Amino acid sequence: MASSGDAIISASLEGVIQAWNPAAEAIFGYSAAEAIGRPVWMLMPDGEARDPARYFARVRRGEILRFEGTRLRKDGTAFAAWITLAPMRSQSGAVVGFSAIASDVTERRRSEKQIRFQAHLLDSVEEAVVATDLDGRVVYWNGFAEKLYGWSPDEALGRDLGGGLGRDD
């Protein structure tokens, strides 16, 4: 728990934080002493914090939940998080609480947005743009390449261009 780069939090079924690892301190900005004993919804924006029971009920039934959501740092800033909620069980098998693992995915979301923007720019170029990996397999094929060579992106992606772009099928 201490060596993870992800926030790992344990809470009671009522949502009271019981354990808080060093990565949770780094990601959320609260020390363990500040977080333990407080409700987990302090980490949720108002819309989600109003209804944490929708998560807790599913965890009580033994479900493991994986989802992306928005979480709040101590300073009030929001960030995109990938969250896993899993039931914690007693030795008898009864669900007695839950663990939450949260990863800050803000930079990944920013990168994905930048990639989508760049792909949009490449799609709008009136030139054939084809990108391959180091093995010569197509990883990008824009609309103009489709017009020029006659292959749809679905047909071109993954194709080995070691022999060039001539149609041999």
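1. A residue is called buried here when its relative accessible area is under 20%. The model under review is predicted. By that cut-off, helix α4 has Tyr-55, Phe-56 and Val-59 as buried residues. These buried residues line one face of α4, because they fall within an arc of 95° when the helix is viewed down its axis. Just past the end of α4, Gly-62 adopts a positive phi of about 95°.

2. Strand β1, residues 7–12, pairs with strand β2, residues 17–20, in the antiparallel sense, and three bridges join them.

3. Ile-8 has Ile-101 of β5 as its bridge partner.

4. β4 and β5 are themselves antiparallel, with nine bridges between them. They form a hairpin in which five residues lie between the strands. Within this hairpin Gly-93 takes a positive phi near 100°. As for burial, β5 is mostly covered, with seven of its 10 residues buried.

5. Ile-83 belongs to strand β4. Its relative accessibility is 3%, so Ile-83 counts as buried under the 20% cut-off. From the C-alpha atom of Ile-83 to that of Gly-93 the separation is 23 Å, and the two residues are 10 apart along the chain.

6. On the nonpolar interior: nonpolar side chains tend to be buried together in soluble globular proteins. In this model the largest nonpolar core has 27 residues. The members that touch the most other members are Ile-9, Trp-20, Phe-28, Leu-85 and Phe-98. At least two core residues come from each of β1, β2, α1 (22–28), α2 (32–35), α4, β3, β4 and β5. The most are given by β4, which supplies four residues.

7. The model contains one cavity of 30 Å³ or more. The space in the largest cavity is about 150 Å³. Its lining is made up of 14 residues, and those closest to the centre are Val-40, Met-44, Arg-71, Leu-85 and Ala-100. Elements giving two or more residues to the lining are α4 (53–60), β3 (65–72), β4 (78–89) and β5 (95–104). The largest share is that of β5, with three residues.

8. Arg-71 is among the residues closest to the cavity centre, and arginine is counted as charged.

Note on methods. Residues are numbered from 1 along each chain as its sequence is written. This is a predicted model: local features need pLDDT of at least 70, side-chain atom pairs count only at pLDDT 80 or more; totals for chains, interfaces and linings use all residues. Side-chain values use heavy atoms; hydrogens and water are left out. On a 1 Å grid over the protein atoms alone, a cavity is a set of points where a 1.4 Å probe fits but cannot get out, and a pocket is an open set with protein on both sides within 12 Å along at least five of seven lines; lining residues have an atom within 4 Å of a point. Grid points are joined across faces, edges and corners, and a volume is the space filled by probe spheres set on the points. Two strands pair if DSSP finds at least two bridges between them. Buried means under 20% relative accessible area, exposed over 50%, partly exposed in between (1.4 Å probe, protein chains only). The arc is that of the directions from the helix axis to the C-beta atoms. A nonpolar core is a set of buried Ala, Val, Leu, Ile, Met, Phe, Trp, Tyr and Cys residues joined through side-chain atoms within 4.5 Å.
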